[in-house]
Amino acid sequence: MTLPIRVWLTPTIPNPWKVVLILDELKIPYEILAFRFDDIKREPFINLNPNASVPAIEDPNTNVTLWESGAIITYIIEQYDKDMTLTYPNERLEDKHALNQWLHFQMSLQGPFFHQAGWFNFLHKEKIPSVQDRFNNECKRQLAVLDKVLQGRDWLVGEKMTYADLAFVPWNDILHECIPMAKEDRFKDFPNVKAWHERMTSRPSWQKLGQARKKAMEEQDLESTGMPRGISSYDDYLDKIAKGEDTRAQK
């Protein structure tokens, strides 16, 4: 019997949810260990990941502890997707490696640039229009690349949804929280991306994930920015953490 894989995460950060989404699609048992961002540089999490970033996993079936979402996804696929549900076999070598190519695209471009756009648009205390434009335009450029590739097809590689497709969902879903825009306008210039995204977010796995994320955020009383309710700025939040003060919203 497969024991649940422990997934350590802070609920507002998108990267861990890539891992959860793939675990759920493969029907691999897992346990979410949601903790406050305040504790990301403290034990026990810092003992799992010295880089102090989420996610990290502990797999009691193999005694593997791993961090970095892309590395975790690769591990899960290689270790558990024996039926090739979300990947392709060696006989389809080009397709198999194209999946890895798109995962690297997501890890090296989408995640970092969406994050920086969100930082400079919403959290950085000084607004620097040239920097905001730089990151906003790069996010849109990446969406244009995806939109072109998805023209006339449902998935990035081959005839089925794979881990490469799923890896893009959590960040794409919060595009409006990275670049100022209405949620319904996220993909107005990218119809192929919109259809692709909706094919995945309509699945039960995403609905289940959404409920888990909402529950974890409510338990920690968090805004979508990742800050606790009642704290006005990220600098104030970090200052409270550094001083060891309680950042929970006061009842």
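This is a predicted model: local features need pLDDT of at least 70, side-chain atom pairs count only at pLDDT 80 or more; totals for chains, interfaces and linings use all residues.

**Exercise 1. The whole chain**

Task: Find out how many helices and strands the chain has, and work out how its radius of gyration relates to the globule rule.

Solution: 
- Start with the secondary structure, which comes to 11 helices and 4 strands.
- Next, take the radius of gyration, which is 18 Å. The globule rule gives 18 Å for 251 residues, so the chain is as compact as a globular protein of that length.
- For the extent along the principal axes, the C-alpha trace spans about 55 × 45 × 30 Å.
- Then turn to burial: 47% of the 251 residues count as buried.
- Finally, look at contacts between residues at least 6 apart in sequence: 67% of them join residues at least 24 apart.

**Exercise 2. Surface and charge**

Task: State what share of the accessible surface belongs to carbon and sulfur atoms, and how far apart the mean positions of the positive and negative charges are.

Solution: 
- The accessible surface of the chain is about 12900 Å², and carbon and sulfur atoms hold 50% of this area.
- The chain has 32 positive and 37 negative charges, and their mean positions lie 2 Å apart.

**Exercise 3. Backbone details**

Solution: 
- Begin with some background: most residues other than glycine have a negative phi, and most peptide bonds are trans.
- Pro44 sits in the loop between strand E2 (30-34) and helix H2 (45-48).
- Pro55 belongs to the loop between H2 and strand E3 (56-59).
- Met84 is not a glycine, yet it has a positive phi of about 60°. This residue lies in the loop between helix H3 (69-80) and helix H4 (93-123).
- Look for Asp221 in the loop between helix H10 (204-220) and helix H11 (234-242).

**Exercise 4. Aromatic pairs**

Task: Classify the ring pair of Trp8 and Phe45 and the pair of Phe120 and Phe135, and say where in the chain their members lie.

Solution: 
- The structure holds 13 aromatic pairs.
- For Trp8 and Phe45, the ring centres are 6.1 Å apart and the planes are at 40°, so this pair is tilted.
- Trp8 is in strand E1 (residues 5-9) and Phe45 in helix H2, so the pair links distant parts of the chain, 37 residues apart. Both Trp8 and Phe45 are buried.
- For Phe120 and Phe135, the centres are 5.7 Å apart with 5° between the planes, and the pair is stacked.
- Phe120 lies in helix H4 and Phe135 in helix H5 (residues 129-149), so this pair ties together parts 15 residues apart in sequence.
- Phe120 has 15% relative accessibility and counts as buried; Phe135, at 15%, counts as buried too.
- To finish, find the aromatic cluster formed by Phe37, Trp119, Tyr234 and Tyr237.

Note on methods:
Residues are numbered from 1 along each chain as its sequence is written. Side-chain values use heavy atoms; hydrogens and water are left out. Helices (H or I, at least four residues) and strands (E, at least two) are DSSP runs, numbered from the N terminus. The radius of gyration is taken over C-alpha atoms; the globule rule is 2.2 Å times the number of residues to the power 0.38. Buried means under 20% relative accessible area, exposed over 50%, partly exposed in between (1.4 Å probe, protein chains only). Contact means heavy atoms within 4.5 Å. Accessible areas come from the Shrake-Rupley method with a 1.4 Å probe; for residues, only the protein chains shown count as cover. Lys and Arg count as positive and Asp and Glu as negative; His and the chain ends are not counted. The place of a charge is taken as NZ of Lys, CZ of Arg, CG of Asp or CD of Glu. Rings of Phe, Tyr and Trp (its six-membered ring) pair if their centres lie within 6.5 Å; planes under 30 degrees apart count as stacked, over 60 as edge-to-face and the rest as tilted.
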